[in-house]
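Here is a short briefing to read alongside the structure on your screen. Take a moment to turn the model around, then follow the points below.

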Protein chains: 2
Amino acid sequence: MRDKVKIAAVQMNPAIMQNSKNLDKILSEAKNAATNGAELVVFPECALPGYVYSSREEAMPFMETVPGPATDRLAARCRELGVHIVTGLLEKDGNRCFNAAVLIGPEGLIGKYRKNHLPFLGVDRFLDRGDRPFEVHKTPIGNFGIHICYDCNFPESARVMALLGADILVLPTNWPQGRGKVAKYVVNTRAYENKVHLVAVNRVGEERGTRFIGTSKIINAWGDTLAQAGVDEEQILYAEVSLSEARQKHVVFKPGEFEMDFIRDRRPELYGKIAE
Amino acid sequence: MRDKVKIAAVQMNPAIMQNSKNLDKILSEAKNAATNGAELVVFPECALPGYVYSSREEAMPFMETVPGPATDRLAARCRELGVHIVTGLLEKDGNRCFNAAVLIGPEGLIGKYRKNHLPFLGVDRFLDRGDRPFEVHKTPIGNFGIHICYDCNFPESARVMALLGADILVLPTNWPQGRGKVAKYVVNTRAYENKVHLVAVNRVGEERGTRFIGTSKIINAWGDTLAQAGVDEEQILYAEVSLSEARQKHVVFKPGEFEMDFIRDRRPELYGKIAE
């Protein structure tokens, strides 16, 4: 089994209502990252349409079907480069609209995720809540779990995906000012408590009075930050992670004297209140 | 309803196998804290017996019944001072032995908690796992949830108690070297994600080759550290917290534009895997 995977986190500044321009940029940055050896390239939440829409109607023309023309172009680029891409977009499915992310690889669309926890903020105010459980997608470069921005506030999101066997949690975000603590330590806690790698990719720039705070991070399964971006510039982060490191949940500090297992030591029979 | 509560966190260095000496110290530090206006005084995990025992048999003579002579003396002190105390001890109940903590107030013993998550470390290697769900204890100075050390690694512990209405989570610990990330950011995440206050009280000193790392903290319901102790000295921390701050889960950053509720925005119907 392969062990090392090189990840790129593309912190960018999408332009609202300019999907075509944003898609071109995503395609070119994916090529850039692949040239530097990245195998998984992650973009922010709503990297295609932007985020601060003022109504559902206003956002509607900037939503995608999945699969659709945008994911087809992403799939062609993944095939050409031999990489996997995760990016955020707005998805329309009949009358329903979701804040979503897609996972695409050299063989095409692998999966999509619809944001389950919606803050009352930006376009999320006008969307439908995700209607499907968290999933984990098996790929040749590891098992990926996808969640989006506010999902990370809820420890249940990462926990469910870790229990389903995720090696790497992907977190496209649009953290605005006021969410600095999530960037500072909550994302590290999610990696640490589940012993999984985590890639948090935020946007930068300002949209209709909302300023985003960058601070994208690639964090390993010990909770250590391997790479971190600044607060206001577009930037690509790179880091290599080890799949076996995320899969070995039993940690031996000193044999027979100090050992821990953050998954096996759980007491699920005591946690029923969480799912009520 | 009263709103402000003054908390004291007593970071101390208990001596192994010297329950009587440790109890005297707890009683005198409680008086000291009460003199400084504290209403809730919290001591470390295993503050009465110490922690690094090498067998169940060795630890047995240093276990307490609850209620018992030690809790009776604590209750007398609480009555005299008008304070609430939480301290860690080892509890024997017939043939069973637990790493436990007691909550005692002016009216006597209010509750006890038996550590549910046991690391393979120190005396925990030889004890029985807690046999009861997490609870919340209503008192005139707030609703307290108690957990111990390694419990905090599992987001489920704090989450269950927050859902049961805890205002203040009390966390007696014995963090040894190697647990610095829990002290550095995991405890802040627990407070932040549940919007509850958290008092983490560690010990200092060395016991049979295991060095403990202090860093006790009082953290408010925004995840901010109000007071933090050093790594190797005995010390009392004080901070005042607001009960209404912990009870107001709905946060309005900008009315109609940016609002969040870390409890109401949950999706428990998607969390079943956690309780399996």
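A:Arg159 and B:Glu156 form a salt bridge, with their closest N and O atoms 2.7 Å apart; a salt bridge here is a side-chain nitrogen of Lys or Arg within 4 Å of a carboxyl oxygen of Asp or Glu. Keep in mind that this is a predicted model, in which local features need pLDDT of at least 70 and side-chain atom pairs count only at pLDDT 80 or more, while totals for chains, interfaces and linings use all residues. Residues are numbered from 1 along each chain as its sequence is written, chains are lettered from A and ligands numbered from 1 in the order in which they are written, and side-chain values use heavy atoms, leaving out hydrogens and water.

**Salt bridges**

- Side chains of opposite charge can pair when their charged atoms come close.
- A:Glu156 and B:Arg159 also meet in a salt bridge, at 2.7 Å from N to O.
- That pair crosses between chains, from helix H4 (residues 155-163) of chain A to helix H4 of chain B; helices (H or I, at least four residues) and strands (E, at least two) are DSSP runs, numbered from the N terminus.

**The interface**

- The contact takes 57 residues from chain B and 57 residues from chain A, where contact means heavy atoms within 4.5 Å.
- Between them the two chains bury about 5,100 Å², 59% of it on carbon and sulfur atoms; buried area is the accessible area (1.4 Å probe) that two parts lose on being put together, summed over both.
- Chain B and chain A share 31 residue pairs in polar contact, both residues being at pLDDT 80 or more. A polar contact is a pair of N or O atoms within 3.5 Å; within protein, one must be able to donate a hydrogen and the other to accept it, and residues adjacent in sequence count only if both atoms are side-chain atoms.
- On the side of chain B that touches chain A, the elements giving two or more residues are strand E6 (120-121), helix H4 (155-163), helix H5 (180-194) and strand E17 (258-261) of chain B.
- H5(B) gives the most to that side, with 9 residues.

**How the copies are related**

**Strands within and between chains**

- Strand E17 (residues 258-261) of chain A pairs with E6(B) in the antiparallel sense over 2 bridges; two strands pair if DSSP finds at least two bridges between them.
- A:Glu259 stands opposite B:Phe120 in E6(B), and A:Glu259 is also the bridge partner of A:Val252.
- Within chain A, strand E16 (residues 250-254) and E17(A) run antiparallel, joined by 4 bridges.

**Backbone details**

- A cis peptide bond joins A:Val66 and A:Pro67, with omega about 0 degrees.
- A:Pro67 lies in the loop between helix H2 (56-59) and helix H3 (69-81) of chain A.
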